[in-house]
Amino acid sequence: MDFCRVCKGAIFKIQDFGLMPRANAFEVVSGDDKFRFNLATAFCNKCFLFQIVESPKPSDMFNSDYPFFTGMSRKMIQHFREFAHDEVIRGSSSSTKVIEVGSNDGTLLQVLHDAGISYVGIDASESAVKKAQAQGLHSIQAFFGRDYVEVLKETFGKVDYVLGANVVCHIPDLVDFFVAVSQIIKDDGSLIFEEPYLGDMLNLVSYDQIYDEHIFIFSAISIDKILTGTNLELVDVNHQETHGGSMRYTVKRKGVATKTTRLLNTLKMELEMGYSDVETFNLFASKCGEKRDAFVNLLKDLREKNMVVVGYGATSKSTTILNYCNLDSTLIRAIGDSTPEKIGKFTPGTGIPVVSHETIRDMNPDYVVLFAWNHAKEILMNDDFFKNPDIRIIFLTPGILVSRASDANNN
Ligand code: DWN
Ligand code: ZN
């Protein structure tokens, strides 16, 4: 019997994606990373948390080789500019203090820095922290939690805001995290964080949101529920288009603010949609299997026809797809990516070469699988490669769909 990571109640096993490598353990020599864990999902019907059962140690995932950097997307830079202005800068004073947890390469810190806000960024990955520090930003390599918050209280004091984007769902011990937050925020302080949203994952059958780093996929009812036993409370939500559909959550000390109508409506909608019901997740699991079969059959058919198929975006998400679908370089010859730290390496567990976008172009592909589907608008608009009318794109959400780039561009 397995138990919920947060409320410790019994959990329902949902989907088992099988043995997986770490999503960002790109290999220098194909096959050199032997680490595997069982990627199985589960649902807790007491606190409504959708979670993975087993996960690698955080220090094994967020290490000095961690190759994901927020600033690789222009749209995300713009998004974080708006995030910082909307949530902090607009209502700030000379005494405003901010901690960003999971500050990565400092994309959001830079906005606070430029606005003269007092801030500190905390991130576990040495590679990301170094990038932020190289920009002259105040970023510290550490795991944010009850222990480290004692250091922060001494050195930085209590803060008005703890911010996080795509980080809270990566933290295995949420109880520790929320205690740490309540110890570091001022009485009227806020925790504002945004994470991939369960509703979008269910609607898009985007099972690739599930990998080692994403220990939870949150809904509003799950965040609301897990805070009931704490001195914190969910007071607002705000849906975001980023990363394939995300939700921004605002949390305050109990009694400081009333729940917004937007939050109350979202909680009601989620209950009506069955996000508290294990059957919803069993249905999702069967759709994942159907989607895998459709994708594998398409790729095998294209291989029969000697078509050149490549990928676009060596994402963390693609590690789940490639391994769950058991794909290799006979089906997808290479994956193009703009991240220098990934180029020249191989996809974790599946040995597909990661190459530059120029190399992909030189391969004259017939089909391109858009693994970075969450950046589709930005990629299709900016990369001339997709102006070639002979190239067909394989879209992965909501279903497997093949379209000419020109048709997709017109949508
Ligand atoms: O939570 C997480 C999310 C937010 O970011 C992390 N655990 C890790 C990471 O997940 P991901 O790797 O799935 O993120 P992306 O943003 O979907 O990755 C996009 C990839 O595509 C990057 O390797 C950069 C690349 N890229 C590109 O080659 N050309 C991206 C853009 C926008 C482009 O134009
Ligand atoms: Zn639970």
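Mentor: Let us begin with a pair of residues, bearing in mind that this is a predicted model: Tyr367 stands opposite Arg392 in strand S16. That pair belongs to a parallel arrangement in which three bridges join strand S15 (residues 367-370) to strand S16 (residues 392-395).

Trainee: In what order do the strands of the sheet that holds S15 and S16 follow one another?

Mentor: The order is S14-S13-S12-S15-S16-S17, six strands that make an open sheet with mixed pairing. At its edges stand strand S14 (354-355) and strand S17 (401-404), and because each has a single partner strand, one side of each is left without a neighbour in the sheet.

Trainee: How many strands form the open sheet that includes S7?

Mentor: Seven strands form that open sheet, in the order S6-S5-S4-S7-S8-S11-S10, and here too the pairing is mixed.

Trainee: Is strand S7 largely enclosed or left open by the rest of the structure, and why?

Mentor: As a general idea, side chains in a regular strand alternate between the two faces of the sheet. As for strand S7 (residues 159-165), seven of its seven residues are buried, that is, under 20% relative accessible area, so the strand is largely enclosed by the rest of the structure.

Trainee: Which strands does S7 pair with, and in which sense?

Mentor: Strand S4 (residues 97-101) runs parallel to S7 and is joined to it by four bridges, with Val98 opposite Tyr161. S7 also pairs in the parallel sense with strand S8 (residues 185-196), over six bridges, and there Gly164 has Phe193 as its bridge partner. Between S7 and S8 the chain passes through helix H6 (residues 174-184), a β-α-β crossover that is right-handed.

Trainee: What lines the largest cavity, and what is its volume?

Mentor: The structure holds one cavity of 30 Å³ or more, and the largest cavity has a volume of about 60 Å³. Its lining includes Val205, Tyr207, Asp208, Lys291 and Phe295, and the lining residues divide into six nonpolar, two polar and two charged.

Methods: Residues are numbered from 1 along each chain as its sequence is written. Chains are lettered from A and ligands numbered from 1 in the order in which they are written. This is a predicted model: local features need pLDDT of at least 70, side-chain atom pairs count only at pLDDT 80 or more; totals for chains, interfaces and linings use all residues. Side-chain values use heavy atoms; hydrogens and water are left out. Buried means under 20% relative accessible area, exposed over 50%, partly exposed in between (1.4 Å probe, protein chains only). Helices (H or I, at least four residues) and strands (E, at least two) are DSSP runs, numbered from the N terminus. Two strands pair if DSSP finds at least two bridges between them. A crossover is right-handed if, with the strands pointing away from the viewer, the path from the first strand over the helix to the second runs clockwise. On a 1 Å grid over the protein atoms alone, a cavity is a set of points where a 1.4 Å probe fits but cannot get out, and a pocket is an open set with protein on both sides within 12 Å along at least five of seven lines; lining residues have an atom within 4 Å of a point. Grid points are joined across faces, edges and corners, and a volume is the space filled by probe spheres set on the points. Ala, Val, Leu, Ile, Met, Phe, Trp, Tyr, Cys and Pro count as nonpolar, Asp, Glu, Lys and Arg as charged, and the others, Gly among them, as polar.
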